[in-house]
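Welcome! Let us take a walk through this structure together, one contact at a time.

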Amino acid sequence: MRLLLVEDDRQLGDGIRAGLVLEGYTVDWAENGGSAEEALKGEHFDLVVLDLGLPHRSGIEILQSLRARGNTTPVLVLTARDTVADRIKGLDSGGDDYMTKPFDLDELNARIRALLRRSAGHASPVMQHGAIAIDPAAHTVTLDGKAVEISPREFAILRMLLANAGRVLSRGRLEEALYGWGTDVESNAVEVHIHHLRKKLGSSLIRTVRGVGYIVNKTDS
Ligand code: CA
């Protein structure tokens with residue numbers, strides 16, 4: 001999962017980014033309103049953590065223009081002051097949730113998980129797909145109830161595919177979820193992770209759509 005963090009406070013941004021990376025997300029960090037806007041216009045993110053008080057463009061302006069473009073990416077708003085007016089403005093401008101500074105990183109992570117879950121159409125924290133269950137909070141995968149050893153990148157790919165079950169994800173989209181700005185992607189990295197996932201979870205789970213990408217079929221469960 002690839003997250004965009006928009007925060008102009010260096011120290012706070014460092015802390016949030018480190019906490020999100022520990023959770024296994026790929027995190028890109030924009031330190032002002034202009035670069036946030038540019039990133040959101042050009043690239044896909046699974047969720048945005050958006051500070052409201054920013055240089056160049058305010059968080060509210062960024063949010064409004066994002067929604068005006070029809071972009072439905074979940075946005076968690078960070079507000080500096082706990083005023084009712086700020087929170088209302090953030091939510092009314094298209095924010096999906098908010099946190100008031102200072103906040104607890106564990107709570108931020110829990111709220112992000114809840115937003116990602118809802119945006120993928122799951123109400124339950126554990127994603128079930130046939131015999132496979134993945135728990136994004138605990139970072140665990142089970143097959144028929146038995147724990148499966150899985151690397152953080154394999155976990156990230158599996159989670160993306162299950163969250164988008166029934167849709168083909170291109171290799172580029174999966175690479176984006178794994179690697180942020182400034183990291184070189186080895187050309188066959190995604191294939192290697194898919195290969196390992198098939199070995200661990202069965203060869204029929206992830207199908208290759210030649211020339212397009214990968215898909216996990218929808219289940220009834
Ligand atoms: Ca700020």
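We start where two helices meet, and the crossing of H6 and H7 is right-handed. Please keep in mind throughout that this is a predicted model. On the H6 side, the contact is made by Arg153, Ala156, Ile157, Met160 and Leu161. On the H7 side, Arg173, Leu174, Ala177 and Leu178 take part. What kinds of residue make up the contact of H6 with H7? They divide into 7 nonpolar and 2 charged, with no polar residue among them.

How are the two helices placed? Two packed helices are described by the angle between their axes and the distance between the axes. Helix H6 covers residues 152-163 and helix H7 covers residues 171-178. Their axes are 10 Å apart, and the helices pack at an angle of about 130°. That angle makes H6 oblique to H7.

Now follow H7 to another partner. The axes of H7 and H8 cross at roughly 90° and come within 10 Å. H7 is therefore roughly perpendicular to H8. In this contact, Arg171, Leu174, Glu175 and Leu178 of H7 meet Val190, Glu191 and His193 of H8. The residues here divide into 3 nonpolar, 1 polar and 3 charged.

Is His193 buried or exposed? With a relative accessibility of 13%, His193 counts as buried, because the cut-off for buried is under 20%. Leaving aside residues up to four places away in sequence, His193 touches Arg153, Glu154, Ile157, Leu178 and Tyr179.

Glu154 leads us on to the salt bridges. The side chains of Glu154 and Lys200 meet in one, at 2.7 Å from N to O. Glu154 lies in helix H6 and Lys200 in helix H8 (residues 189-201), so this pair ties together parts that are 46 residues apart in sequence. Glu154 is buried, with a relative accessible area of 5%, whereas Lys200 is partly exposed at 32%. There is also a network: salt bridges that share partners join Arg2, Asp28, Glu43 and Glu176.

How many salt bridges are there in the model? The count comes to 17. Another one joins the side chains of Arg57 and Glu37, at 2.1 Å from N to O. Arg57 lies in the loop between strand S3 (47-51) and helix H3 (59-68), and Glu37 in helix H2 (residues 33-42), so the pair ties together parts that are 20 residues apart in sequence. Arg57 is partly exposed, with a relative accessible area of 27%, while Glu37 counts as buried at 8% relative accessibility.

For a last stop, look at a salt bridge within a single helix. The side chains of Glu107 and Arg111 meet at 2.9 Å, N to O. Both residues lie in helix H5 (residues 105-119), 4 residues apart, which is about one turn of the helix. Glu107 is partly exposed, with a relative accessible area of 36%, and Arg111 is also partly exposed, at 27%.

Definitions and conventions: Residues are numbered from 1 along each chain as its sequence is written. This is a predicted model: local features need pLDDT of at least 70, side-chain atom pairs count only at pLDDT 80 or more; totals for chains, interfaces and linings use all residues. Side-chain values use heavy atoms; hydrogens and water are left out. Axes are lines fitted to C-alpha atoms, for helices over the stretch in contact, and angles run from 0 to 180 degrees between N-to-C directions. Angles under 35 degrees count as roughly parallel, over 145 as roughly antiparallel, 65 to 115 as roughly perpendicular and the rest as oblique. A crossing is left-handed if the near helix is turned anticlockwise from the far one by less than a right angle, and right-handed if clockwise. Contact means heavy atoms within 4.5 Å. Ala, Val, Leu, Ile, Met, Phe, Trp, Tyr, Cys and Pro count as nonpolar, Asp, Glu, Lys and Arg as charged, and the others, Gly among them, as polar. A salt bridge is a side-chain nitrogen of Lys or Arg within 4 Å of a carboxyl oxygen of Asp or Glu. Buried means under 20% relative accessible area, exposed over 50%, partly exposed in between (1.4 Å probe, protein chains only).
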